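Biologist: Please show me the assembly. I want to go through its contacts with you.

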Amino acid sequence: MSVGKIFKFHDDLDTDQIIASQYLLLPTIDEMKVHTFESLEPEFPKEVRPGDFVVGGENFGCGSSREQAPRVLKALGVQAVVAKSFARIFYRNAINIGLPVIVCKELPDAVDSGDEMDLSLTEGTAAAKGHTYPCTKLPPYMQRILNQGGLIASLNKEEV
Amino acid sequence: MGQTIIEKIISRNTGKPCVAPGDIVTVSADRVMLDDIMIPFIVDKFQEMGFDRVWDPDKVVLIYDHLVPPSQLDDIRHYKAGDEFAKKYGIRHIHRSDGICHQLMTEAGYVKPGDVVFGTDSHTTTYGCVGACSTGIGYTEMASILGTGSLWVKVPETIKIIIEGTLKEDVMSKDIILRIIGDLGADGATYKSLEFCGSTVEAMSISSRMTMANMAIEAGAKCALFTPDEKTARYCQTELNPFQKSLSGDADAVYCRTLTYRAEEFVRVMACPSQVDKICEVSRLEGTVIDQVFIGSCTNGRLEDLKMAAKVLEGKKVSPYVKLIVTPASRKVYEEAMACGALKTLASAGAIITHPGCGLCCGRTGGILCDGERVVATNNRNFLGRMGTSKVEIYLASPATAAACAAAGKIV
Amino acid sequence: MGMTIAEKIIALAAGADKVKAGDIHTVTLDRMMSNDGTTHLTVDMYHNQLKHPRIADPKKMVFIVDHNVPSDSPKTAASQKKMRDFAREHDIDFWEGQGVCHQIMMEHYVCPGELIFGADSHTCTYGALGAFGTGVGCTDLLYGMVTGTSWVLVPETVKFHLTGKLPQGVYPRDLMLTIIGTIGASGANYQVMEFCGDGVQTLSVNDRMVLCNLAVEAGAKTAVFEADEIALAWLEERGRKPKAVFKSDEDAVYAGEYTFDLSKIQPVAAKPDFVDHVVPAKEVCGVKIDEAFLGSCNNGRIDELRVGAAIVKDRRVSDHVRFLVVPASNEVYLQAMEEGLIDIFMKSGAIIMNPNCSVCWGSCQGVIGEHEVLISTGTRNFKGRAGHPSSKVYLASAATVAASAVRGEICTADML
Amino acid sequence: MEQFTGKVWVLGDDIDTDIIIPTEYLALKTIDHMKQYGFSPLRPELAAMIKKGDIIVAGRNFGCGSSREQAPEVIKALGIRCIIAKSFARIFFRNSINNGLLLMEQPDLYDDIKEGQEITVTVNQDISYQGKSYKVSSLPDNLVEIIHAGGLVKAMRKRNGLD
């Protein structure tokens, strides 16, 4: 993990905002990803760089079960999503596809879009603006899936 | 010298004793039809031309059908443009979700036998089913008619088509018109008027005649006319006046061409991809696997079409992995097809029944297909890319044939 | 220490005597549902990412094309074709254009006691029959399809004690929106909402589906009712038998408990752009609308069509409103036709579309334009969900939606 | 006599209006938004290759199909100077004249021409291609009037005393 730029979003950020319905049936994630955050931050797909972070408030990723939501973020190179809390399906989907989702209660209120952040998954900390904030650690079961690169990668590994 | 139907209508409209093919005359419009796809363009041109009033708002009918229900954000702009225009110029005849324009124009009583009518859609030829001279024009010309009430036309030559005898049970008027288009070619009637007569035509319902008048444009025709009769009078809820009664071709009228058919010789046919005049007997296409069937459109979305489809599908199911999409031509057709049980039969067979409108026929939404898919459809055009990509194969057929194909999952 | 219904279902699926909240278990899935929102991605992963592509049991799989029917573009058609071809090749039950996936599942598959994954967030609907249905992404779905199993974190259960009976003119949708408004959009995150109490007896399976369906809008993993006599009679009519019928134990552990007196519930609306922005419907009366939608897996069943039809009967939909009526399934459509409801809607000027997700999913059919306002019986009112980012969606009951369609602005049925 | 020279794009028989501009693009805001999709079902690359002043030569029944006036407008917006075909469909013919897009019927040129070659057109007289002359007939007077006015809109503006 390394330092990246923050893109910050509001509480109850729903999956329709991450990727709207009309793009979900496009053939590939690559065709969808240019529409990420289209109605909120249309420039996001152009501005985000590999290693950058998405930071949210409470209930990040609420709404539909569309796995396209974490996948477009991952395809754009988002290193991790840090939020005060996550909606259940988004959280599970993100882990399944190997996108780290980090619960951190304090950091979201202390940062703004454009700030830099450093995340240490092993230490379970996020650092920004000179402060280091503790993050909630993933349960080992989920950490293992994440470490293996996602659920399908773990399935393929188990079958060696 | 005698006159053809179109010559009689134009003579009467222009107040001349007679007109001859090739004459260029200015006619007054008895009615005009504006559809939702074209309305913003019409409004722009109308304003650009500098008109400050519509010549006769009661003669104007505005119909939303291609974009109902809306499927893209821009569609809403078209409704708004239409609503604003209607409000500003006092247009009262508006249909926002009642069905396809060409169905509504005669069904709702806007067009009577002998009328001269223009519409911003090529299938405006449909109203020839009640003996009206009707034809499609572009939006610039529509804007000028809205301002002036008139339009120049060249009096067309007429091709007479005589059909005598009784059709076989599984043959519909769609099979007839497809065969005629095949014989004439896609440009065989360009700038000409078609005139249908003979015992077969006399025995036909107005719906069947509509199918034929509707598709005349696919042979390039300017219009296609049937002699108004008692059925026409009933359908139009009117009594025919002497002029309307006179609308048949005179014995000594001059025709540029006459085609004669025996009804018994017609068989079920299809127009094969991707030309409307590429006609083939169904028997020669049998076994071709299909992905989708569409029954609807201003060509074949009427009650008799839905009843025929229901008769074929009674007690059957649509073949697995095949979609049958049924789009009634109008709200009235929908209600009648519901009342007689046709919709129930179709829905029980697994058909997808949508709200009346142009649906898939105009290629905006309503069952768009992808590369490698094949569709049998009852509408009027099988042009390249009309219902999806250019690698979609479209076969045009009658509702009876289309329904049979839906049950079989292949052309039968 | 006892177990809740949800815990018992998970225990059965995990082959464990006992499970408790917070445990992670591997479970055998009873059934999996996937729709055209994501199946094309699942199929791609199946072909491109698996070392040993296989399907544990095709009979447990159901594929349903419902989101974008009839298709609106070649790309949509291609994604659906991919799904159709896969179903055909692997002998997977396949439905297309026959209704919204959750309605099809309830009509034809779901049984009490089953643990069901659906690649759609509203899979929680199945709790109406005492099943554990939950929404997952397509990777989870793929894993389940390949192995027949999955992992679940046993959720806590929150008890919703319902008492009394809803007043005339107030509907289960008002009740559920009120509950979500009370507990918030993440008020039950990762939890199970269990409905119980004497009020439950007044609710039909249809009503219970309305409640369970929206549980995900409070963040819940699922919602569940005990499969009582009402549920079992409904099931029997359809010729199905339960897998298992569970009651929560007296000493089961709940993470929280709420009580709602049904007789106190009033017509409500959820204001844009969040499902938990719930206010009394009277507070939003007068808002001019451009479109009204009666349909969806939440509120497109025969009960709601009856309510809507009774209101628009002998009335005309406002000239400036597009009123979309979309039955939740072909079965619902046929019944509504039989009862004369479709005729009433047609005569009122409504637009009646084929059973599908329609504008609730918001990508094509019935899309709303710039600054337009939709009042909907759909599941969500997120920003731009139904069309242009500047458009607004209000959620309300079928009665309020139908009345508003007639009036041209938001109003409750008693105001007509 | 008006005369011009241009490079030729050759299209076939029955070029329909759905090929010229497919229905899915008809509700785009302006002709400029639409024109990139001109001829896309048949030759998706064509629209980008057409240069101002180019000429289309085609076979029979050019412009058959729907009454969409976007068809001649798109062709005009792409920069096409004129279309020479064996024959034209009726509505397309009217729409083109009304928009000031020049059309000529010529029965033989299509059979001889190769794409990419240049031809010289003398309006109302003939077309010259590789030293050979192909006759064209002149338009009826009422259409000449519309073209001289610069299209129907301009003719109406004149009528309404605006220009």
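Modeller: What follows is a short exchange on chain contacts, helix packing and domains.

Modeller: This is a predicted model: local features need pLDDT of at least 70, side-chain atom pairs count only at pLDDT 80 or more, and totals for chains, interfaces and linings use all residues. Residues are numbered from 1 along each chain as its sequence is written, and chains are lettered from A and ligands numbered from 1 in the order in which they are written.

Biologist: How far apart are the nearest C-alpha atoms of chain A and chain B?

Modeller: Contact means that the C-beta atoms of two residues, placed from the backbone, lie within 7 Å. Chain A and chain B do not touch. Their nearest C-alpha atoms are separated by 10 Å.

Biologist: Which helix gives the largest share of the side of chain A that touches chain C?

Modeller: The contact takes 36 residues from chain A and 46 from chain C. On the chain A side, α1 (15–18), α5 (88–97) and α8 each supply at least two residues. Helices are DSSP runs (H or I, at least four residues), numbered from the N terminus. The largest share, six residues, comes from α5(A).

Biologist: How are α8(A) and α5(C) oriented to each other?

Modeller: Helix α8 (residues 151–158) of chain A packs on helix α5 (residues 138–147) of chain C at about 25°, with axes 9 Å apart. Axes are lines fitted to C-alpha atoms over the stretch in contact, and angles run from 0 to 180 degrees between N-to-C directions. Angles under 35 degrees count as roughly parallel. α8(A) and α5(C) are therefore roughly parallel.

Biologist: How many nonpolar residues does the contact of α8(A) with α5(C) have?

Modeller: α8(A) brings A:Leu151, A:Ile152 and A:Leu155, while α5(C) brings C:Thr139, C:Asp140, C:Leu142, C:Tyr143 and C:Val146. Ala, Val, Leu, Ile, Met, Phe, Trp, Tyr, Cys and Pro count as nonpolar, Asp, Glu, Lys and Arg as charged, and the others, Gly among them, as polar. One residue is polar and one charged; the nonpolar count is six.

Biologist: Which helix of chain C gives the most to the side of domain 1 that touches domain 2?

Modeller: Chain C is divided into domain 1 (5–261) and domain 2 (269–415), with bounds from an automatic or database domain assignment. In the contact, 30 residues of domain 1 meet 32 of domain 2. On the domain 1 side, α4 (101–108), α6 (172–183) and α7 (205–213) each supply at least two residues. With six residues, the most comes from α6(C).

Notes:
Parallel < 35°, antiparallel > 145°, perpendicular 65-115°, else oblique.
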